[in-house]
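Please read them beside the sequence and the coordinates.

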Amino acid sequence: MRLVELTGGIASGKSTVSSMFKHNHIPVVDADIIARDALKKNSGGYKKVVAAFGPDILQDDGQVDRLKLGRIVFSDASKRQLLNRLLAPYISSGIFLEIFKLWIKGHKVIVLDIPLLFEAKMDKWTKPIVVVWVDPETQLRRLVERDNSTEEDARNRINAQMSLDLKKSQADIVIDNTGSRQDLQERFSEVLSQVKRPLTWTEFWLSRDGALSALLGVIIGVLAGKKLFW
Ligand SMILES: CC(C)(COP(=O)(O)OP(=O)(O)OC[C@H]1O[C@@H](n2cnc3c(N)ncnc32)[C@H](O)[C@@H]1O)[C@@H](O)C(=O)NCCC(=O)NCCS
Ligand SMILES: Nc1ncnc2c1ncn2[C@@H]1O[C@H](COP(=O)(O)OP(=O)(O)OP(=O)(O)O)[C@@H](O)[C@H]1O
């Protein structure tokens, strides 16, 4: 099994690239969706976060007001660390469960869309690491336009993450998404062929079919050994 990491900065274009993978029938595990589930009303993460941040972060319907919580954590590093610490176990177990479900189905290449891969030190488990990079001005402009947010809120969110240049320096593959969508599509086609190249032996043994072949090999070996000795 090949675990391809797709990461980058906020609004650098990860979701846009992950849609391209899905269009090419490669499954994507989206950590943002798992993190959203971890904050849904009455979930374990929700209870811990409400206990720590107080009922002021709730909407009238009892759900977490994400905009409000975002304003709090993206302008205060210690509160952000607290939120990360409370949700981390739910997010990592959610990611693991999704990978396991896809493994059971026999998928050999799985893309993990994890924005905070490096910050969470999860980068040792995936290969290759694909970083979607944009220049800082484009990132700020796209973030403000997409979220209809103030420039100050957008800057706070960008500054809450490790610098995109540092992430780029640790990538196996860089997708520069500063240009047009057409440029991105062309670069994506090159990346797709790298991601879909044949599995290495190690990747094969880690896939469901590889594990079943190994198990079958062991069973045959044991049976053959018994026949020889009895
Ligand atoms: C603070 C929250 C409620 C704000 O929700 P909101 O709907 O406004 O944003 P959303 O969840 O869509 O995140 C958008 C982007 O913000 C960035 N981001 C999210 N959480 C963080 C964080 N703790 N630190 C730095 N950047 C973050 C990511 O690039 C993400 O793609 C939410 O982001 C959250 O619960 N964050 C903590 C969980 C987490 O770490 N999520 C990232 C999964 S790896
Ligand atoms: N090459 C491009 N040209 C113009 N707009 C783009 C391009 N790529 C992405 N966008 C737009 O930029 C915005 C950010 O992209 P996207 O949502 O894919 O980023 P992201 O990295 O997934 O963000 P987040 O970290 O918040 O999840 C979106 O509105 C998207 O439509």
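1. This is a predicted model. The shell around ligand 2 divides by residue type into eight polar, five charged and two nonpolar residues.

2. In total, 15 residues surround ligand 2. The closest are K14, S15, T16, R146 and N177.

3. Which helices each supply at least two residues of this shell? They are α1, spanning 14–23, and α6, spanning 136–147. The largest share comes from α1, with three residues.

4. An oxygen atom of ligand 2 is 3.2 Å from a backbone N or O atom of S12. For D32, an N or O atom of the side chain lies 3.5 Å from an oxygen atom of the ligand. At G179 a polar backbone atom is 3.1 Å from a nitrogen atom of ligand 2. On its own, ligand 2 has 640 Å² of accessible area, and the protein covers 81% of this.

5. A separate point concerns T126, in the loop between β3 (109–113) and β4 (129–133). Is T126 buried or exposed? The relative accessible area of T126 is 6%, and the cut-off for buried is under 20%, so T126 counts as buried.

6. What is T126 in contact with, leaving aside its neighbours within four places in sequence? The residues are L3, E5, L112 and L117.

Technical notes. Residues numbered from 1 in each chain as written. Chains lettered and ligands numbered in written order. Predicted model: local features only at pLDDT ≥ 70, side-chain atom pairs only at ≥ 80, totals over all residues. Heavy atoms only, no water. Helix = DSSP H or I, 4+ residues; strand = E, 2+ residues; numbered from the N terminus. Buried < 20%, exposed > 50% of the residue type's maximum accessible area, 1.4 Å probe, protein only. Contact = heavy atoms within 4.5 Å. Near = heavy atom within 4 Å. Polar contact = N/O pair within 3.5 Å; in protein donor to acceptor, adjacent residues only side chain to side chain. Areas by Shrake-Rupley, 256 points an atom, 1.4 Å probe, with all protein chains shown as cover. Nonpolar A, V, L, I, M, F, W, Y, C, P; charged D, E, K, R; others polar.
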